[in-house]
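Thank you all for coming; I would like to take a few minutes to walk through one model with you.

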Amino acid sequence: MKQVAPFYADHVGSILRTKAIKEARKKFEVGEISTEELRTVENTEIKYIVEKQKDVGLKAITDGEFRRAWWHFDFLENLDGVEGYDAEGGIQFSQVQTKSHSVKITGPIDFTTHPFIADFQFLKEQVGENHVAKQTIPSPAMLHYRGDIEYQPYLDDATKFASDLAVAYQKAIQAFYDAGCRYLQLDDTSWSYLCSDEQREVVRKRGFDPDTLQETYKTLINEAVKYKPADMVITMHICRGNFRSTWIASGGYGPVAETLFSQLHIDGFFLEYDNERSGDFAPLQYVNRPDLKIVLGLVTSKTGELEEAATIKARIEEASKIVPLTQLRLSPQCGFASTEEGNILTEEEQWNKLRYIVKLANEVWGD
């Protein structure tokens, strides 16, 4: 049977930046090379990692997010009405803080032109016909969660803000589809924050009720994907934070499971399940659609050591008692470089992890 996305062996998307990318970005920042020269380096390195992904056996191929500094801000600040800016401080993780940056909403949100469309077209050209080019973008909930609203009409009418944001994403999804994208992933940390007692308190301090926010994001995301073409797969990755191998949130999926798995109109979920912070598989009881795919992030992207094969297979078997094995998939728990700094492991360890996932998936599900 022909596999369709998400694949039995899949990955979240971001890849450790190569030495050439890091050096070129440093030179670009101080004006030593032009935008065109930076893009030439990016093109070369993306071609390299496209072939590496094919070599390790992956069917879904990304550009590693090599043209981005952040997994979310680069996309969001190129929407109409959104601007990036240097914030007073970075995002606090368990042991470290990111560099200072954020986004603000300064006008009506819309999607007209966006550099990610040309970036995807380049990727698709390199991927070819025998693999699937996968595009990753932040969920619309991330602009709502992270964006500072300065546009007065949105301060006056939160419903208008959410409505315009959903329409912008409808246009974005169609634009990617028109560019040839058939596999799109929405990355989202807000749902994991709603699973964390500590982060739920942070949400309250920001003036939101966590349970009401859950309903807001459900409506926002469902509206965003409302007109998704039938032959386009849209998945969502739920992340608990991934920066320099550290994290933000802890807590199982229980508080949001029914909404996520029973009420969101998403084709598949990439779920972090690499350690005890993610909880058990019990929340998967709310998976009540036979077409919904659950990608188990049982292999960590935070360290280079390979997990025991028997342990991974046993956990897949455990999950299959709740969700049929045919609906399950395997991946790393997150990307290897949610920001350009990357996690603390080597490129060789990264490729070994991905090769290992393909091997395990073949043993569990067959080729």
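This is a predicted model: local features need pLDDT of at least 70, side-chain atom pairs count only at pLDDT 80 or more; totals for chains, interfaces and linings use all residues.

Residues are numbered from 1 along each chain as its sequence is written, and side-chain values use heavy atoms, with hydrogens and water left out.

Let me begin with the interior. By nonpolar core I mean a set of buried Ala, Val, Leu, Ile, Met, Phe, Trp, Tyr and Cys residues joined through side-chain atoms within 4.5 Å, where buried is under 20% relative accessible area, exposed is over 50% and partly exposed is in between, with a 1.4 Å probe and protein chains only. The largest such core has 101 residues, and F176, W191, F261, F269, L284, I294 and L296 have the most contacts inside it. Helix α7, residues 158–178, gives the most to this core, with 10 residues; helices (H or I, at least four residues) and strands (E, at least two) are DSSP runs numbered from the N terminus. Leaving aside residues up to four places away in sequence, F269 touches M236, I238, L260, F261, L264, L292, K293, I294 and V295, contact being heavy atoms within 4.5 Å. Another core, of eight residues, lies apart from it, and includes A5, F7, V12 and A60.

Turning to the strands, two of them pair if DSSP finds at least two bridges between them. An open sheet of three strands runs in the order β2-β3-β6, with mixed pairing. Here β2 (80–85) and β6 (148–149) are the edge strands, each with a single partner, so one side of each has no neighbour in the sheet. β2 and β3 (residues 102–110) run antiparallel and are joined by five bridges, with D80 opposite D110.

Four bridges join β5 in parallel to β7, residues 183–188, and I137 stands opposite L186.

Which residues of α12 meet α13? They are A309, I312, K313 and I316, which meet Y356, L360, E363, V364 and W365 in α13.
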